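This report describes selected features of a two-chain structure. Please examine the sequence and the structure shown below before reading on.

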Amino acid sequence: MNGGASQMDLFDYKPALFRHAGEAFDPGRGVRVEAATSEPGKVLRPPFPFRQHGESGRWVSDLLPHTAQCVDQMAFLMAMQSRTNVHGPGSYLMNTGFLLPGFPCLGAWVSYALGNESEDLPTFIVLPDARGLPYNQKGNFSAGFLPVTHQGTVIDGGPSGPIPGLRPPDSAAYITPASNAEGLELLQQLNAAHLHSNPGDSRLEARIEAYELAARMQLSAPEAFSLGGETPATRRLYGLDQPTTAEFGRRCLLARRLVERGVRFVQVWSGAGGPTGNWDNHSSIAKELPPMCAATDQPVAALLRDLRARGLLDDTLVLWNTEFGRMPFSQGGEGRDHNGGTFVGWMAGAGIRAGTSYGESDEWSWKASRDVTTNYDFHATVLHLLGLDHTRLTWLHAGTNRRLTDVHGEVIQEVIA
Amino acid sequence: MALWVSWPAVAGSSETPRQSREHWAYQAVRSVPPPADAGGANPVDAFIRRSLARAGGIPAPEADRRTLIRRVTLDLTGLPPDPASVDLFVADPAPDAYERWVDRLLQSPAYGERWARHWMDAAHFAETHGHDQDRIRTNAWPYRDYLIASFNADVPYARFVREQIAGDVLFPGDPQATVALGFLAAGPWDESSLRDIREDTLDRQIGRYLDRDDMITTVMSVLASSTVHCARCHDHKFDPIPQADYYALQADFAGVDRANRLFDREPAVHRRRQELRKWQRGIESMDPAVLTGTEATEAVTRWERDRREHASTWVPIVPIEFTSEGGASLSRLPDDSLLAAGIRPERDTYSITATPPPGIVISAIRLDVLTDPSLPQGGPGRADNGNLHLSEFQFRITVPGTGSAEDMDFADVLADHNQESWTIQHSVDRVDTTAWGVHPEEGRSHHAIFILRKPLRPAPGARLEFKLQQRHGGGHEIGRLRLSVTDHASPVTDPPDRIATIISRSPSERTAEEQGTLTAWVFGNRVRSELATLPPPSRVYAAASDFEPDGGLKPSDRPRPVSILKRGEITQPTIAAEPGALACIPVLPARFAADQSPDEGRRRAALAEWLASDANPLTWRSVVNRVWALHFGSGLVATLNDFGSMGAQPSHADLLDWLAAWFRDDAHGSLKQLHRLLVTSGTYRQSCAPPESHSKAMETSDPDNRLYWRMNRTRQDAECVRDSILHFSGRLDRTMGGPSDRQFGLQPGIHVTPKVDYSVFDVDSAAGSRRSVYRFLFRTLPDPFMSALDCPAGDQITAARNNSVTVQQALALWNDRFVVRQAEHFAERLASVTETDRIVRACQCVWGRPPSPDERALLQRYADRHGMAGLCRLLLNSNEFLFIN
């Protein structure tokens with residue numbers, strides 16, 4: 001959820017915000033209140049009501065009616081914390097574990113650690129919002145210093161087909177199916193002869209294999225990215241029949257298809273970079289948050305249901321997250337400024353202790369107060385659930401054995417089954 | 001420099017184990033003679049063959065000439081040799097044919113283009129900021145051009161290093177030395193944190209520390225192969241680098257930001273602007289050193305003397321005819337001024353005619369723009385705020401009945417007040433869109449003086465004709481004006497009231513404060529008017545302490561305080577950091593300038609001297625190892641940016657030291673001499689694929705070829721691939737320099753970051769034809785084709801590129817629009833060759849050799865069935881093209 005999804009308007013129910021709405025925000029003890037882009041304003045009441053749901057009794061805003069029905073499958077991290085209140089560094093931190101650009105992201109580390117399970121699809125696929133890429137653009141999906149093969153393959157649905165370069169451009173009239181096929185055959189013959197006179201270089205062999213894999217991918221990828229085979233019921237489940245949910249729903253459904261076919265890591269983004277049309281609701285929570293919820297709520301719940309119905313949820317880990325939270329007080333009018341102090345994310349599926357929560361924020365949802373989850377703890381836990389020890393997943397770069405979790409991170413046992 | 005550098009006095013700051021200070025990298029470069037008995041005229045071979053012989057190995061035979069010319073040409077210039085050059089070289093009987101070819105390559109401008117690109121990798125140069133607000137840096141490219149020119153000119157390495165860190169301070173007369181500071185600014189920059197969020201937030205502080213962290217990491221990794229950045233949160237775990245050293249380096253950069261920095265391509269202008277800007281800053285901050293300096297005091301003395309001795313008298317001229325083109329009504333008041341009323345047109349031109357006062361010689365004309373109660377805000381302009389914009393002031397003299405008319409030129413123009421960027425010079429620049437204005441000093445009268453190029457004695461019956469064009473629009477017309485003339489040769493403008501009060505008293509009766517105010521006014525005017533006469537400056541995105549503020553990004557007039565942060569936490573500052581460098585090089589100063597000079601440049605200059613010193617073993621070993629690695633595919637120390645304990649040990653410590661000393665002392669830091677030494681060595685000229693009988697044993701004992709018993713095979717990098725393809729297709733445009741080619745569609749984004757779309761770029765357009773070093777580098781959205789070939793995005797310093805082989809890469813070479821289209825051009829170009837020779841020529845281009853008869857038959861059959869374009873596409877995908885033997 002690109003932009004900083006507002007925890008106290010979605011999951012972190014705080015009666016104090018309703019009681020003290022409109023009063024000056026004073027956390028007491030003379031603590032200085034600081035906001036990234038504005039003067040701190042008055043306590044802002046969440047504009048939408050909360051209700052308890054499921055056997056776990058989890059509080060969820062009425063903005064997320066579908067998600068609310070799934071709370072018993074989820075483990076909530078109620079006191080996540082960021083080191084920054086700025087989008088660029090915040091997005092890098094959540095994706096790569098560092099505030100600066102150039103480090104491998106979670107998906108790249110997973111690709112590096114687990115390898116490819118699919119014969120003919122990339123290991124790590126990113127499905128960005130149709131409105132555009134998130135903050136930091138492809139920086140968030142970078143392989144950093146890991147080999148480039150681990151970087152996220154961005155599926156933009158552009159004219160070249162789902163995977164870039166899968167087909168020759170239509171403008172090249174001289175390329176026909178026959179010239180393509182015979183050309184690849186002759187190329188492999190030439191490369192084999194070259195290998196013969198230059199023995200012992202694995203890269204030369206790897207290139208021969210890469211062209212074989214490319215040929216297979218050309219055949220199978222279109223099927224993976226086509227929703228044509230999905231039943232009307234499934235399409236309705238994801239909201240493909242509704243204009244509000246169709247775009248995000250399509251990408252959730254694609255995510256399921258890709259996971260089904262062995263893609264290791266799929267990232268589905270909601271919201272592009274910039275000040276609006278995402279979760280960065282500075283101007284008005286009441287006006288800007290509902291459309292984001294409406295677009296994503298049903299598809300997210302559908303993905304969980306669909307994965308479960310197909311028996312995929314047992315070994316698929318679903319993560320819902322954002323780069324930081326928002327402030328309990330208003331910014332100017334009815335919006336909220338950035339807040340790295342506390343925010344909420346949830347996990348579901350493989351190995352998760354369903355229906356639990358971990359951590360708690362203060363009475364305002366201003367700062368995390370108990371059982372904090374840092375990005376390092378979060379990443380350590382995710383890697384643990386994938387069977388990886390975050391302290392041993394390393395790559396020597398610029399003098400250091402670099403890790404996703406830098407020198408930090410504790411696996412949060414409380415959310416693990 | 002030695003005057004203010006405090007030599008080693010780092011009390012208690014390096015409590016790391018003595019043992020680690022004895023690590024090889026911190027020891028002085030040893031003077032090691034090359035082994036005499038190992039054979040080979042080139043000292044490089046003497047060292048290499050000695051180690052190899054000890055391991056029981058022998059060098060591989062020399063590669064054949066076709067292989068050799070392709071290897072060395074791509075290596076030094078990034079472009080493949082032409083088939084004709086290959087044939088000539090292969091047939092050349094001269095024993096030094098190879099050496100002469102190398103010399104030619106080093107003379108080629110393509111050499112600078114190739115090696116600048118290597119340096120851009122190390123500097124992580126790109127042309128956008130690279131965070132959430134990935135703004136375009138319009139002025140980053142001059143640094144790229146500087147690099148190309150520097151490598152081509154073979155600037156000695158010590159000087160090059162000094163320029164990267166403190167070129168502005170150490171070589172103030174050389175504008176390109178300022179451009180060199182693009183190095184420090186080449187990496188990403190967090191615009192949100194450093195410009196847009198509030199100044200009083202911790203996030204702003206964190207942003208600054210991280211920004212300097214990037215500079216330190218770049219400088220120390222690239223120039224000194226040191227991982228000092230690992231000492232941010234604690235003393236370095238493996239190397240003798242205490243946390244205090246890291247923060248000393250933070251303090252070195254505490255006065256600079258990344259910003260657009262002004263420079264002048266003309267050295268004399270560059271020097272003068274530096275000086276004037278320095279004075280201007282001093283005047284703004286009322287710096288006594290500037291206000292009591294010789295230039296300032298002389299300016300005041302001269303001005304006062306001119307006023308005293310040359311008090312000018314102005315004779316009003318009486319308008320006879322006066323018209324407003326736009327239809328305003330002009331009327332003459334009793335004081336001979338003209339007042340505008342009635343219609344206020346969008347734009348207007350006033351024409352005024354007068355007879356000259358009898359018997360006068362005219363040296364200058366004075367235009368008073370006057371207040372009047374009838375004007376908005378009291379005038380003197382007619383715009384709503386009382387401002388005016390005078391686009392052009394023209395004066396001619398005519399003699400009615402004779403047809404004689406002469407336009408008069410002005411030697412100088414002055415005004416008592418100039419609106420920022422709307423100076424009086426604009427009223428005589430013959431450009432309609434620029435003008436003189438008086439904002440924000442509306443509500444007061446102002447005046448301008450136009451000094452004639454040559455004094456004028458009007459002929460009998462002559463008439464003076466004035467034209468006042470006011471073309472800017474918005475009703476910015478003059479409300480009330482008066483014209484007068486003088487015979488005084490150098491009239492001056494009247495001072496404002498506060499200055500008039502001061503100068504009404506003799507200097508001895510003025511307070512120091514009054515004298516300062518007067519000096520600031522007089523000298524400030526002089527400096528400003530001289531700055532306005534300089535040609536427009538150029539800009540480079542570079543490290544800067546003097547730049548135009550941009551929102552919340554403001555220059556700091558002194559280094560910002562830097563604290564040693566406990567655990568690297570912004571909330572846990574301890575003691576203040578002192579500027580300095582590494583303490584583990586005992587012969588060099590570990591801390592600089594203990595004084596509290598507000599001049600940040602001195603800190604950078606000290607660091608530059610520390611790095612470029614002959615006595616710094618890190619610098620000299622680092623550079624020769626880097627160049628070695630680029631030629632041989634692996635470093636003598638495998639970890640190019642890390643000579644610490646976690647890095648690799650040198651495979652040939654003696655050779656490394658010999659090279660460092662030779663490069664520093666004998667070659668005087670000439671990179672071209674170093675290249676020549678390395679690529680003419682027998683080691684470099686070995687075959688990649690020696691006969692199996694030869695390599696069998698070595699494959700087992702030294703599979704990584706650490707002993708260089710053969711040449712390493714390299715995969716062509718992204719730029720080589722793209723440039724070679726353009727070269728084959730005949731589409732390569734060799735024009736050098738200038739703004740980068742944007743090979744993508746660009747549209748405004750939702751916020752700062754623009755929308756970039758590579759798929760809409762016309763690969764046949766001019767912007768797609770130059771060498772890849774001139775591509776625009778978009779940090780968060782790099783060109784997918786180039787990325788697939790491991791071209792770095794500029795988000796991390798890249799010591800050595802990956803040599804990956806991936807499916808995405810195969811797909812890109814096979815199907816990318818660029819390759820597919822260039823294959824067609826390549827085929828068209830081959831059409832000029834006799835039909836039977838086309839296949840041969842194509843292979844000669846792409847592989848550097850003709851095909852074997854079998855290959856030729858296979859290729860011919862394919863071309864017959866599917867055409868030459870298809871065949872070219874195929875060749876461009878072959879391993880033999882992509883790899884360099």
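## A buried helix in chain A

In helix 4 of chain A, the buried residues are His87(A), Gly88(A), Pro89(A), Gly90(A), Ser91(A), Tyr92(A), Leu93(A), Met94(A), Asn95(A) and Thr96(A). The model discussed here is predicted. Helix 4 of chain A, which comprises residues 87-96, is thus described as mostly covered, with ten of its ten residues buried. The cover over these buried residues includes helix 5 and helix 11 (375-385) of chain A, together with helix 11 of chain B. Gly97(A) follows helix 4 of chain A and has a positive phi, near 85°.

Helix 5 of chain A, residues 106-114, contains Trp109(A). Is Trp109(A) buried or exposed? Trp109(A) is buried, because 32 other C-beta atoms lie within 10 Å, and a residue counts as buried at 20 or more.

When residues up to four places away in sequence are not counted, Trp109(A) touches Pro104(A), Leu393(A) and Leu404(A). Trp109(A) and Leu383(A) are 274 residues apart along the chain, yet a separation of 9.1 Å is found between their C-alpha atoms.

## A parallel sheet in chain A

Chain A has an open sheet of three strands, arranged in the order 5-4-6 with parallel pairing. Its edge strands are strand 5 (153-154) and strand 6 (265-268) of chain A, each of which pairs on one side only. Four bridges link strand 4 (residues 124-127) of chain A to strand 6 of chain A in the parallel sense. Within this pairing, Phe124(A) has Phe265(A) in strand 6 of chain A as its bridge partner.

Helix 9 of chain A, residues 243-260, lies across strand 4 and strand 6 of chain A. Helix 9 of chain A runs at about 180° to strand 6 of chain A.

## Overall organisation of chain B

Chain B has 885 residues, of which 51% count as buried. Its secondary structure consists of 31 helices and 20 strands. The C-alpha trace of chain B spans about 110 × 75 × 50 Å along its principal axes. Among contacts in chain B with a separation of 6 or more, 73% are between residues 24 or more positions apart.

Chain B is divided into domain 1 (65-258 + 556-679), domain 2 (268-307 + 512-534), domain 3 (315-491) and domain 4 (714-885). A distance of 29 Å separates the C-alpha centres of domain 2 and domain 3 of chain B.

## Strand pairing in chain B

Strand 1 of chain B, residues 257-263, is mostly covered, with six of its seven residues buried. Strand 1 runs antiparallel to strand 14 (residues 538-544) of chain B, and seven bridges join the two. Opposite Arg261(B) stands Val540(B) in strand 14 of chain B.

A further open sheet in chain B has five strands in the order 3-6-12-8-9, with antiparallel pairing. Strand 3 (319-324) and strand 9 (404-407) of chain B each have a single partner strand, so one side of each lacks a neighbour in the sheet. On average, neighbouring strands of this sheet are turned by 20° against each other, direction ignored. Five bridges pair strand 3 of chain B with strand 6 (residues 348-354) of chain B in the antiparallel sense. Here Ser324(B) has Tyr350(B) in strand 6 of chain B as its bridge partner.

## Helix packing in chain B

How are helix 16 and helix 18 of chain B arranged? Helix 16 (residues 294-309) and helix 18 (residues 512-533) of chain B pack at an angle of about 90°, and their axes are 9 Å apart. Helix 16 of chain B is therefore roughly perpendicular to helix 18 of chain B.

On the side of helix 16 of chain B, the contact is made by Ala296(B), Ala299(B), Val300(B) and Trp303(B). Helix 18 of chain B contributes Leu518(B), Thr519(B), Val522(B), Phe523(B) and Arg526(B). By class, this contact has seven nonpolar, one polar and one charged residues.

## The contact between the chains

Chain B provides 73 residues to the contact and chain A provides 68 residues. Several helices of chain B each supply at least two residues to the side that touches chain A, including helix 11 (191-196), helix 12 (202-224) and helix 29 (853-866). Helix 26 of chain B gives the most to that side, with seven residues. By class, the side of chain B that touches chain A has 23 nonpolar, 31 polar and 19 charged residues.

Definitions and conventions:
Residues numbered from 1 in each chain as written. Chains lettered and ligands numbered in written order. Predicted model: local features only at pLDDT ≥ 70, side-chain atom pairs only at ≥ 80, totals over all residues. Buried ≥ 20, exposed ≤ 12 C-beta atoms within 10 Å, placed from the backbone. Pairing = 2+ DSSP bridges. Contact = placed C-beta atoms within 7 Å. Nonpolar A, V, L, I, M, F, W, Y, C, P; charged D, E, K, R; others polar. Domains from an automatic or database assignment. Axes fitted to C-alpha atoms, helices over the stretch in contact; angles between N-to-C directions. Parallel < 35°, antiparallel > 145°, perpendicular 65-115°, else oblique.
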